[in-house]
Structure formats: structure tokens, C-alpha cells
Amino acid sequence: MGKLIDLDAMRDAELADRSRRTHRALVCSSTGCLSAGAAGVRAALEEEIEAADRAETLQVVPTGCPGLCSRGPLVQVEPRAGPATLYAEVDPDGARSIARDHLLGDGTGDQVAADVEVVPADLPFFAHQTKVVLANAGRIDPDRLEDYVAAGGYRALYDTLTTMTPEQALTAVERSGLRGRGGAGYPTGRKWRLLAEAPGDHKVVVANGDEGDPGAFMDRTIMDSDPHRVLEGLVIAAYATGAERGYIYVRAEYPLAIERLERAIRAAKRSRLLGKGVLGTDLSFDLQIRVGAGAFVCGEETALMASIEGRRGLPQLRPPYPTERGLWGEPTMINNVETLANIPAILGNGPEWFAAMGTADSPGTKVFALAGSLVTTGLIEVPMGISLRTIVEDMADGIAGGRRFKAAQTGGPSGGCIPERFLDTPVDYEHLRALGSMMGSGGLVVIDDTVNMPEFARFYMAFCRDESCGKCVPCRVGTVQLHALLDRICNGQGRRRDLQHLESLCRTVQVTSLCGLGQSAPNPVVSTLEHFRDEYEALLVEEPVPSAVVTGDAS
Amino acid sequence: MSARPVPPTPPAGPRSARPTVSVTLDGEEVLAFPGETVLALARRLGVPIPTLCQLDGVSVYGGCRLCVVEVEGEHRLPLACATEVSADMDVRSTSSQLRDHRRRIVALLFAEGSHVCAACVASGACELQDLATETGVDHVPYELAFPSHEVDASHPLFVLDRDRCVLCTRCVRVCDEIEGAHVWDIAQRGNDARLVAGMDQPWGEVASCTSCGKCVAACPTGALYHQGTASGERRPDPELIAFLADARGGVWEQRDNGAASQPRDAAGSHEQGTTP
């Protein structure tokens with residue numbers, strides 16, 4: 001058992017340490033910036049500071065993701081007082097300039113490094129954002145518990161455990177109106193209550209970090225930028241529902257997130273934020289990480305549970321639902337990582353504060369991963385109900401290369417495309433569903449007018465075909481056939497009857513498949529057919545005249 | 001239409017001796033046993049619902065999706081094999097929508113495998129062939145895959161022809177749940193999924209196989225058959241599985257898809273405890 005943590009003392013010590021620094025250089029060390037060379041930038045900064053013997057007063061902090069991924073590596077210089085400066089596209093030489101001009105100056109003038117690109121503070125990309133889940137992303141070192149505590153972390157857990165009953169915590173989540181951020185939007189409080197009221201002594205809560213949609217990286221960023229927030233959400237969930245252990249299921253493709261979560265769990269156990277007697281109370285909660293093995297379908301909750309148990313990741317029939325019989329037969333609740341990351345803020349600030357954000361039916365914020373033909377791509381957190389146009393035209397600064405907007409795909413391979421005439425649609429669960437798309441986990445892929453829609457649909461169908469688990473016939477064989485039909489149409493060999501088969505088979509796969517993967521696999525085809533049918537029609541070839549077939553080459 | 005096993009009396013188990021649940025099936029009010037599935041009810045009353053992966057005597061799998069039915073008030077199509085009756089349930093076992101979906105699913109199965117009835121050991125006693133007749137699949141509108149999986153004839157008594165396998169997992173479940181040997185499993189996923197013996201070995205080399213032949217008896221197609229069987233000579237015996245399960249205590253009805261998630265040793269001791 002670790003040593004009981006004193007949150008106030010830890011925060012004060014951390015803030016006192018910070019007050020000794022003239023500047024802090026926050027270097028984004030999330031997956032995107034690391035792949036763009038952030039490690040070299042950090043090393044260069046540290047070298048310069050070391051060479052100038054200023055390590056006492058200057059600090060280089062590896063942080064999570066500030067969101068502006070297409071402009072990375074990002075370095076944010078924070079003076080002890082006054083506004084911060086965000087440098088973009090920093091290379092090691094740029095880092096040395098920042099160190100020499102900005103950090104190592106005499107400390108009076110705050111000279112902004114001249115030969116490095118500076119991001120204006122009022123960039124629309126940031127101006128429209130409301131950061132709840134990502135409040136600490138890019139602000140703290142994800143590997144240091146002290147940083148999270150200094151930012152107010154684990155305070156909500158402490159207050160919940162000491163001042164609220166489990167029932168009160170549960171009611172707070174219910175009243176917040178929070179809905180599942182994994183895509184379907186099931187009310188989180190209702191799910192929590194199902195688990196709380198399920199009979200059983202060994203309940204389990206699971207954080208689903210198996211984000212697999214092409215172009216989506218919300219959960220990855222939450223986990224590798226602020227892992228303790230997910231842990232805190234899980235412990236609060238355990239307290240409110242009576243769960244005694246939990247799992248974080250992360251896909252193996254996220255090594256950095258796994259590493260940081262593991263470190264966070266070790267730190268939390270040492271400080272008695274996990275394990276027996278959390279924060280000195282009676283609550284016991286054991287938490288482990290389970291790593292996926294590269295199957296998209298394991299994001300589906302019953303397949304995810306099979307994978308955690310060490311079996312093949314196949315979806316199971318529901319009912320029984322996981323809250324009735326889940327992992328090893330025990331009542332189990334599975335929440336998306338982003339959902340859980342909202343919990344500390346809801347308990348800390350109260351459900352009314354949360355419900356006041358966003359729309360009445362979809363309160364709160366949503367993290368979106370902007371990808372595709374946009375000028376600025378990256379990660380944003382916006383209030384629900386914001387229009388797609390604001391996201392695409394203001395925040396992402398429109399379409400790259402002077403091309404025209406054609407469509408936005410939300411919900412990845414399970415979602416649908418939204419054409420230009422619906423750009424003013426508010427982004428929330430109901431509006432997107434009404435358009436034949438879905439919120440999904442938050443991937444937002446924008447395509448320009450060079451993209452051919454049947455080919456676009458074919459790409460997603462290939463993805464679903466490759467990721468089908470093979471258990472049920474409509475998905476296993478249907479996706480193969482849908483892909484073959486799209487292939488024929490895209491190659492200019494499709495006939496009208498192929499288009500008819502495409503539509504009828506889409507319907508069968510949607511309504512008869514076992515799990516959400518199969519049920520939603522035809523969505524990209526259905527929505528592109530609805531909005532861009534002319535592009536399919538234009539690719540069709542004429543049926544041969546029947547009399548011509550009889551001559552012998554009718555094989 | 002193929003002959004389906006129709007239990008003359010309700011199987012033993014937790015259900016009460018009298019049908020007490022009032023259900024509407026295809027517009028007719030009928031009485032079902034508490035805990036009875038829609039499929040069991042329909043079969044008892046002689047209402048045909050096509051099935052493939054379902055097999056009396058082993059757990060419910062829900063993979064073929066042929067037994068989808070319409071239930072009033074449900075926006076999805078539940079599976080007859082996995083849905084228990086509830087009071088005042090209004091079920092339709094057939095409709096033009098259901099017929100279309102079932103026909104397409106059967107056509108998909110034909111497109112996926114290599115099903116040449118004239119050259120098949122199972123012709124005349126094949127559930128896939130029967131399904132084509134039942135659902136009216138007289139041609140396949142989809143691209144035929146013409147797979148060429150290897151035939152495994154390494155077993156001294158039996159043969160596995162994967163080109164005819166529909167991945168229903170009856171053999172997997174029978175071997176695991178009735179024989180307790182777990183010789184079979186599915187490897188890979190999606191379109192690459194295939195039936196494997198042991199650790200993906202030649203069947204004849206799998207030491208755990210007891211050569212009991214229950215997998216062959218349960219196979220709905222000509223994928224598993226006896227050595228030396230010629231075209232049209234295969235005689236499957238799927239009723240054997242329900243017979244064995246009933247003979248061992250008739251407890252299979254309590255199993256469902258969750259049974260697979262029970263720890264292995266618990267399932268094993270359960271088997272031992274009830275084997276006569």
C-alpha cells in the first residue's frame with residue numbers, strides 16, 4: 001500500500017517550484033508532434049539551457065497535445081507572468097533560437113524568437129474551443145502526477161469520496177445529461193445506474209480506448225496527454241456504481257498512451273489513488289490495462305469483453321447486456337475514454353455547470369479530430385451544437401490548396417457524409433443522425449472536390465470488409481460483395497442492376513448484421529448514394545442489348 | 001422443405017409443464033412455455049423459420065442471421081433462436097422484407113463458398129441446399145468467390161472440405177460442449193476466417209480428437225464427411241446432438257451464448273457432474 005497523498009501539499013510544492021522559474025517551455029510530446037521531431041526539439045532546448053547554466057530558472061516540460069497537430073512540433077513558452085507564446089513547426093535550430101532569444105535573454109524583455117513561426121493568440125482554431133476534457137492537454141506533463149494535482153486533479157475525486165454518497169455522485173452524473181462519447185450517445189448516468197442496481201459483488205468498469213476509426217485520434221490524445229483524468233473518472237465511476245475493479249482497454253497501436261497510462265497507474269497506486277483504501281476511505285478499486293491486438297471490432301463492447309477475457313474478439317448476442325452479465329459473468333459497464341474524462345469536471349464543477357454547455361439534448365463538449373483536405377488539421381474540443389461550417393471554415397481555415405469543400409465524413413466507417421448544403425447543421429447526436437450520419441467517436445474527415453464519392457465509399461467498405469470478424473454472414477460476406485459491387489462501379493463496369501444489388505444488399509447488411517460494425521458498414525455507401533447519386537449514375541455502363549448475348553459469349 | 005427436429009414434448013429443464021405465456025405468432029394467438037425461444041415455439045407449432053447455425057443441444061451462436069423475425073415494437077429484427085417469448089409478444093415469422101433478407105443471406109453463402117450440389121457428398125441431405133429451396137434462391141446475383149481452400153483428408157475416418165464450410169461453428173460447439181475435446185476452432189477473421197483443427201494442424205495429427213464423429217453428424221453441409229463417401233451419399237445426423245445433450249441431463253437449454261464466457265474448469269466440472 002502506498003503513502004497517502006496530500007493533494008494540497010503536493011499542489012503547493014509544485015506551484016512553489018514553478019514560481020522559481022522565469023519561463024517554462026512546454027514542448028508537445030504527444031504522438032503527432034513526436035513523429036514530427038519533438039524529441040529533438042526538446043533535447044535542443046535542454047542543451048542550450050544546460051550550456052547557459054540556467055536549469056534552475058528555466059524548465060522544459062514535455063506535455064500533451066495542444067491540438068494544432070498540422071503545425072507541429074509545437075513549443076509554448078510561458079513566462080512567470082504575462083501571455084504565453086506558441087511557436088509552430090519548430091525544428092532543433094528553431095528550438096535553439098527560442099532558447100537564445102526568448103528564454104535566455106536577461107528575463108526582462110521577453111524577446112520573441114524572430115526566425116520561428118509564432119501562432120497568433122487569437123487564432124480562430126483556438127478561439128471557438130471550450131476545453132473541458134482537454135483542459136490539461138498541452139498544459140501539463142502527462143507523466144507527472146504532481147502536474148495533474150497542481151492543475152486541480154483528483155480534487156473532484158477527493159470531494160466526491162468525502163462529501164458525497166455513491167447515490168449522490170450517480171445522481172450528479174445523471175443530472176449532467178452526459179451522453180456516451182463513443183458514438184451512440186447512450187445517457188451515461190442511465191448506464192451507471194444499470195450497473196449500480198445490478199446484483200453482484202464483483203462489478204467491473206471498463207474504459208474503452210480501442211478507438212479504431214480511420215482518421216480519429218481523440219481518445220489517444222486524451223490518454224497520452226492527460227492519463228490521470230481517465231483514472232480519476234474511473235475511480236469516481238467505481239465509487240458511484242460499486243465496482244471493485246476496472247480495466248482500460250487500449251489498442252496496441254497506441255504505445256505512447258499505454259506507456260503513460262501504465263506510469264499513471266503506478267503513480268496513482270503509490271499515492272493511494274488506486275488500490276485498497278483510496279484516499280484513506282473504504283473504497284477499493286484495482287485497475288489494469290489490457291492491450292488489444294489490432295481488431296477494429298474489439299471496440300464493440302461484447303467483443304471487447306471477449307478480448308479482455310483472452311478469447312477471440314467476437315461480438316456476442318445481447319441480451320444479456322454487459323451490465324447484466326459481463327466480464328467473467330460479473331455485471332460490467334463499458335464507458336468510452338472521453339466519457340470518463342468528462343466525469344472529474346462534472347463532479348468538480350457540478351452537473352448544472354456541465355448541462356449549461358452545449359445543447360439541451362446533447363450537453364457538454366465534444367472532441368473532434370480534424371483530418372482530410374483542411375488547411376489546419378488537429379484536435380479540437382467544441383461545445384455541442386456548434387455548426388459544421390464554423391469548424392470547417394473558421395477553425396480549420398477552409399479547404400487546402402484552394403479547392404472546394406465537398407463533404408465531411410463524421411463517425412468514420414460507421415458514419416455518413418454530409419454535403420455542403422448541410423454545413424450549417426448544428427453538431428449534436430440527433431442532428432447528425434437525422435442527416436444519415438452519426439456523431440461517432442469524433443473523427444471528422446473533410447474531403448474536397450477532387451474526391452470521387454463512389455471511390456470514397458469503396459475505401460470505407462474495404463476497411464469494414466478487412467475488419468469484419470467473420471461471425472455473422474451478412475457482415476462477413478456482405479461487405480465482400482458490397483466492396484466487389486463498388487469496385488465494379490468505380491472501374492466503369494457497373495450496370496444498373498449492380499446499383500440495385502448494391503442498395504438492396506446495403507439494407508440487408510444494415511438490418512441483419514449481429515453487431516454495430518456490420519449494421520453501420522453500409523452507411524458510407526447509403527449516404528453517398530443519397531447525396532451524390534449522380535456520381536454513381538455517371539459511372540454506370542449500359543446494359544447490353546439482350547439479343548447480343550445469345551451469340552455464344554454469354555459465359 | 002426439410003424435416004426439422006420437432007420435440008414431441010417440451011424438453012426438460014426449468015420451464016413449467018404448461019404453456020402459460022400468451023404470444024401472437026403470425027396473427028394467431030398461441031400459448032408458449034415460459035423461457036421458450038421464439039424458434040422453439042414456432043417449431044412446436046409447425047411454423048417454418050429457416051435456420052442454419054442453430055443446433056439443438058449446443059449453445060446459441062447467432063451467426064447465420066437467417067432466423068430474424070419481426071417483433072411488434074422492436075425496431076431491430078431479433079433472432080428467433082435467441083429471443084425468449086414474453087407476454088403479449090407479437091411475432092411475425094415471415095414478411096416480404098424477411099423473405100428478401102433471408103434470400104440474400106443464403107445467396108451470400110453460395111457466393112462465398114464452392115457449393116456444387118451435383119458433385120457434393122451432401123446433395124439431397126444438405127441444409128444449405130434445403131435453405132436455397134425454402135428461400136427461393138435459384139441463382140446467385142453476386143460475384144462467386146470460387147475459393148480454393150485445402151481439403152484436409154488426413155484423418156483416417158473423416159474428411160474436411162473447407163470450400164463447403166459455411167462457418168456455422170456447429171462442429172466447434174459440439175466438440176467443445178458435448179465431446180469436451182475442443183478440436184475445432186475458427187482462425188483468422190472476416191473473409192479469411194476458416195475452420196482449423198487443433199493448433200491449425202492436419203486433422204489426423206490432432207491428438208485431442210477422439211474420432212467420435214459428432215462434428216460430422218452435426219455439419220449442415222458437405223464440409224465434414226466420412227472417408228469414402230461419394231456424391232449424394234452423406235447422411236448427417238444433427239438430431240444426435242440434442243439426443244446426447246438430453247441424455248446427459250437435458251441442461252443444455254439453460255446454456256446460451258454466455259456459457260462460453262464461463263471459466264473453462266467450471267464448464268468441465270458441470271459436464272462431469274451430469275454425464276450418466
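**View 1. Domains of chain A in a predicted model.** Domain bounds here come from an automatic or database domain assignment. The model shown is predicted. The C-alpha centres of domain 1 and domain 3 of chain A lie 30 Å apart. For chain A, the assignment gives four entries: domain 1 (21–127), domain 2 (153–355), domain 3 (365–448) and domain 4 (460–539).

**View 2. Where domain 1 meets domain 3 in chain A.** Each side brings 7 residues: 7 of domain 1 of chain A are in contact with 7 of domain 3 of chain A. On the domain 1 side, 5 of these residues are nonpolar and 2 are polar.

**View 3. The fold of chain A.** Chain A contains 24 helices and 14 strands. Its C-alpha trace spans about 90 × 60 × 40 Å along the principal axes. A compact globule of 555 residues would have a radius of gyration near 24 Å, and chain A agrees, with 25 Å. Of the 555 residues in chain A, 57% are buried. Take the contacts in chain A between residues at least 6 apart in sequence: 73% of them join residues at least 24 apart.

**View 4. Chain A against chain B.** This contact takes 31 residues from chain A and 29 residues from chain B. On the chain A side, α18 (453–467), α19 (473–490) and α20 (496–512) each supply at least two residues. Helix α19(A) gives the most to that side, with 8 residues. By class, the side of chain A that touches chain B has 14 nonpolar, 10 polar and 7 charged residues.

Notes
Residues numbered from 1 in each chain as written. Chains lettered and ligands numbered in written order. Predicted model: local features only at pLDDT ≥ 70, side-chain atom pairs only at ≥ 80, totals over all residues. Contact = placed C-beta atoms within 7 Å. Helix = DSSP H or I, 4+ residues; strand = E, 2+ residues; numbered from the N terminus. Nonpolar A, V, L, I, M, F, W, Y, C, P; charged D, E, K, R; others polar. Rg over C-alpha atoms; globule rule 2.2 N^0.38 Å. Buried ≥ 20, exposed ≤ 12 C-beta atoms within 10 Å, placed from the backbone.
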